[in-house]
Amino acid sequence: DLNKCPQWAVEMQVVALGQGWPRENYMRLLKEAVSREPAYYDYYSRAATFFLPRWYGRPGDWEQIAEDAASSYDSQEGMTAYARTAWFNAGYYDNLFTQTKITWPKLRQGFLDIQRAYPNSRWNLNAFCRFAVMARDRITAKELFKQIGDHADPNWTGYRNYELAREW
(Lines give C-alpha, C1' and ligand atoms only; values in the text may rest on other atoms or scores of the structure.)
Protein backbone atom coordinates (compact mmCIF):
# COMPACT_ATOMS: atom_id res chain seq x y z
CA ASP A 1 0.00 0.00 0.00
CA LEU A 2 1.37 3.42 -1.02
CA ASN A 3 0.42 4.90 2.36
CA LYS A 4 2.84 2.57 4.14
CA CYS A 5 5.77 2.06 1.77
CA PRO A 6 7.05 4.19 -1.12
CA GLN A 7 8.56 1.10 -2.76
CA TRP A 8 5.01 -0.16 -3.36
CA ALA A 9 4.54 2.55 -6.00
CA VAL A 10 7.86 1.62 -7.63
CA GLU A 11 6.71 -1.99 -7.87
CA MET A 12 3.42 -0.80 -9.37
CA GLN A 13 5.45 1.17 -11.92
CA VAL A 14 7.17 -2.07 -12.90
CA VAL A 15 3.75 -3.73 -13.26
CA ALA A 16 2.55 -0.77 -15.36
CA LEU A 17 5.52 -1.14 -17.69
CA GLY A 18 4.88 -4.85 -18.09
CA GLN A 19 1.16 -4.37 -18.64
CA GLY A 20 1.45 -1.29 -20.85
CA TRP A 21 -0.78 0.99 -18.81
CA PRO A 22 -2.29 4.03 -20.54
CA ARG A 23 -0.28 7.24 -20.02
CA GLU A 24 -2.97 8.89 -17.92
CA ASN A 25 -3.14 5.95 -15.49
CA TYR A 26 0.63 5.85 -15.21
CA MET A 27 0.85 9.59 -14.57
CA ARG A 28 -1.86 9.35 -11.91
CA LEU A 29 0.22 6.71 -10.08
CA LEU A 30 3.37 8.81 -10.42
CA LYS A 31 1.75 12.02 -9.19
CA GLU A 32 0.18 10.29 -6.20
CA ALA A 33 3.48 8.63 -5.28
CA VAL A 34 5.46 11.86 -5.65
CA SER A 35 2.94 13.80 -3.56
CA ARG A 36 3.63 11.42 -0.67
CA GLU A 37 7.42 11.02 -1.01
CA PRO A 38 8.90 13.56 -3.46
CA ALA A 39 12.56 12.65 -2.85
CA TYR A 40 12.13 8.94 -3.60
CA TYR A 41 14.23 8.97 -6.78
CA ASP A 42 13.17 5.56 -8.02
CA TYR A 43 9.79 7.06 -8.97
CA TYR A 44 11.42 9.32 -11.55
CA SER A 45 13.82 6.70 -12.81
CA ARG A 46 11.06 4.16 -13.35
CA ALA A 47 8.86 6.77 -15.01
CA ALA A 48 11.72 7.76 -17.30
CA THR A 49 12.05 4.13 -18.37
CA PHE A 50 8.31 3.81 -18.96
CA PHE A 51 8.43 6.90 -21.19
CA LEU A 52 11.37 5.79 -23.31
CA PRO A 53 10.38 5.64 -27.01
CA ARG A 54 11.12 1.90 -26.98
CA TRP A 55 8.29 1.44 -24.48
CA TYR A 56 5.38 3.86 -24.16
CA GLY A 57 6.87 7.29 -24.75
CA ARG A 58 7.70 9.65 -27.56
CA PRO A 59 11.05 11.36 -28.12
CA GLY A 60 11.64 13.81 -25.30
CA ASP A 61 9.09 12.28 -22.90
CA TRP A 62 11.53 10.69 -20.48
CA GLU A 63 13.71 13.79 -20.45
CA GLN A 64 10.60 15.76 -19.47
CA ILE A 65 10.23 13.47 -16.45
CA ALA A 66 13.77 14.51 -15.43
CA GLU A 67 12.90 18.18 -15.96
CA ASP A 68 9.70 17.85 -13.94
CA ALA A 69 11.54 16.06 -11.15
CA ALA A 70 14.02 18.92 -10.96
CA SER A 71 11.58 21.81 -11.17
CA SER A 72 8.26 20.63 -9.79
CA TYR A 73 8.50 17.79 -7.39
CA ASP A 74 11.10 18.68 -4.75
CA SER A 75 12.83 22.04 -4.67
CA GLN A 76 14.89 20.99 -1.62
CA GLU A 77 16.87 18.54 -3.73
CA GLY A 78 18.08 20.94 -6.41
CA MET A 79 19.01 19.08 -9.57
CA THR A 80 19.67 15.77 -7.79
CA ALA A 81 16.49 14.17 -9.10
CA TYR A 82 17.36 15.32 -12.63
CA ALA A 83 20.84 13.82 -12.37
CA ARG A 84 19.71 10.51 -10.92
CA THR A 85 16.97 10.15 -13.52
CA ALA A 86 19.37 10.84 -16.38
CA TRP A 87 22.01 8.59 -14.82
CA PHE A 88 19.50 5.73 -14.55
CA ASN A 89 18.63 5.96 -18.25
CA ALA A 90 22.14 6.64 -19.56
CA GLY A 91 22.69 2.96 -20.26
CA TYR A 92 20.16 3.10 -23.09
CA TYR A 93 22.44 5.45 -25.07
CA ASP A 94 26.01 5.63 -26.32
CA ASN A 95 26.15 9.33 -25.44
CA LEU A 96 23.40 10.86 -23.34
CA PHE A 97 24.27 14.40 -24.45
CA THR A 98 24.20 13.83 -28.19
CA GLN A 99 21.27 11.41 -28.29
CA THR A 100 18.85 12.98 -25.79
CA LYS A 101 17.69 16.33 -24.50
CA ILE A 102 19.63 15.91 -21.25
CA THR A 103 22.03 18.81 -20.80
CA TRP A 104 25.44 18.77 -19.18
CA PRO A 105 25.01 22.01 -17.19
CA LYS A 106 21.93 20.60 -15.44
CA LEU A 107 23.43 17.15 -14.95
CA ARG A 108 26.64 18.72 -13.65
CA GLN A 109 24.66 20.80 -11.13
CA GLY A 110 22.81 17.68 -10.05
CA PHE A 111 26.08 15.88 -9.40
CA LEU A 112 27.41 18.87 -7.47
CA ASP A 113 24.30 18.63 -5.29
CA ILE A 114 24.84 14.88 -4.88
CA GLN A 115 28.47 15.48 -3.92
CA ARG A 116 27.43 18.00 -1.29
CA ALA A 117 25.06 15.46 0.24
CA TYR A 118 27.43 12.48 -0.07
CA PRO A 119 30.98 13.87 -0.10
CA ASN A 120 32.64 10.51 0.58
CA SER A 121 30.87 8.43 -2.06
CA ARG A 122 33.35 7.07 -4.59
CA TRP A 123 30.48 5.60 -6.59
CA ASN A 124 28.87 9.02 -7.12
CA LEU A 125 32.27 10.64 -7.77
CA ASN A 126 33.16 8.08 -10.45
CA ALA A 127 29.78 8.49 -12.13
CA PHE A 128 30.16 12.28 -12.10
CA CYS A 129 33.56 11.90 -13.74
CA ARG A 130 32.30 9.46 -16.40
CA PHE A 131 29.59 11.97 -17.36
CA ALA A 132 32.11 14.82 -17.43
CA VAL A 133 34.19 12.78 -19.87
CA MET A 134 31.11 11.99 -21.95
CA ALA A 135 30.25 15.71 -22.01
CA ARG A 136 33.86 16.49 -23.05
CA ASP A 137 34.26 18.79 -20.04
CA ARG A 138 38.01 18.49 -19.45
CA ILE A 139 38.11 21.03 -16.63
CA THR A 140 35.52 19.22 -14.50
CA ALA A 141 36.90 15.80 -15.42
CA LYS A 142 40.44 16.80 -14.47
CA GLU A 143 39.32 17.92 -11.01
CA LEU A 144 37.28 14.76 -10.51
CA PHE A 145 40.15 12.51 -11.62
CA LYS A 146 42.30 14.19 -8.95
CA GLN A 147 39.70 13.34 -6.32
CA ILE A 148 39.30 9.75 -7.53
CA GLY A 149 43.01 9.01 -7.77
CA ASP A 150 43.52 5.25 -7.96
CA HIS A 151 39.99 4.50 -6.75
CA ALA A 152 38.18 3.94 -10.04
CA ASP A 153 35.07 1.82 -9.75
CA PRO A 154 34.13 -1.11 -12.03
CA ASN A 155 31.58 0.97 -13.94
CA TRP A 156 34.44 2.33 -16.06
CA THR A 157 34.27 -1.16 -17.62
CA GLY A 158 37.87 -1.83 -16.80
CA TYR A 159 40.71 0.08 -15.24
CA ARG A 160 42.26 0.61 -18.68
CA ASN A 161 39.20 2.64 -19.74
CA TYR A 162 39.63 4.73 -16.61
CA GLU A 163 43.29 5.30 -17.47
CA LEU A 164 42.47 6.22 -21.08
CA ALA A 165 39.87 8.73 -19.95
CA ARG A 166 42.28 10.18 -17.40
CA GLU A 167 44.97 10.56 -20.07
CA TRP A 168 42.46 12.41 -22.25
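Threonine 100 is buried, with a relative accessible area of 12% (buried means under 20%, exposed over 50% and partly exposed in between, with a 1.4 Å probe and protein chains only). This is a predicted model, in which local features need pLDDT of at least 70 and side-chain atom pairs count only at pLDDT 80 or more, while totals for chains, interfaces and linings use all residues. Residues are numbered from 1 along each chain as its sequence is written, and side-chain values use heavy atoms, with hydrogens and water left out.

**Around threonine 100**

- Threonine 100 sits in the loop between helix 6 (96-99) and helix 7 (helices are DSSP runs of H or I, at least four residues, numbered from the N terminus).
- The side chain of threonine 100 reaches the backbone oxygen of leucine 96 at 2.4 Å.
- A polar atom of that threonine 100 side chain also lies 3.1 Å from the backbone nitrogen of isoleucine 102.
- Leaving aside residues up to four places away in sequence, threonine 100 touches Trp62, Glu63 and Tyr93 (contact means heavy atoms within 4.5 Å).

**Where helix 5 meets helix 7**

- Helix 5 (residues 80-89) packs against helix 7 (residues 104-117) at an angle of about 110°, their axes 7 Å apart (axes are lines fitted to C-alpha atoms over the stretch in contact, and angles run from 0 to 180 degrees between N-to-C directions).
- That makes helix 5 roughly perpendicular to helix 7 (65 to 115 degrees).
- From helix 5, Thr80, Tyr82, Ala83, Arg84, Ala86 and Trp87 meet Lys106, Leu107, Gly110, Phe111, Asp113 and Ile114 of helix 7.

Note on methods:
Helices (H or I, at least four residues) and strands (E, at least two) are DSSP runs, numbered from the N terminus. Angles under 35 degrees count as roughly parallel, over 145 as roughly antiparallel, 65 to 115 as roughly perpendicular and the rest as oblique. A polar contact is a pair of N or O atoms within 3.5 Å; within protein, one must be able to donate a hydrogen and the other to accept it, and residues adjacent in sequence count only if both atoms are side-chain atoms.
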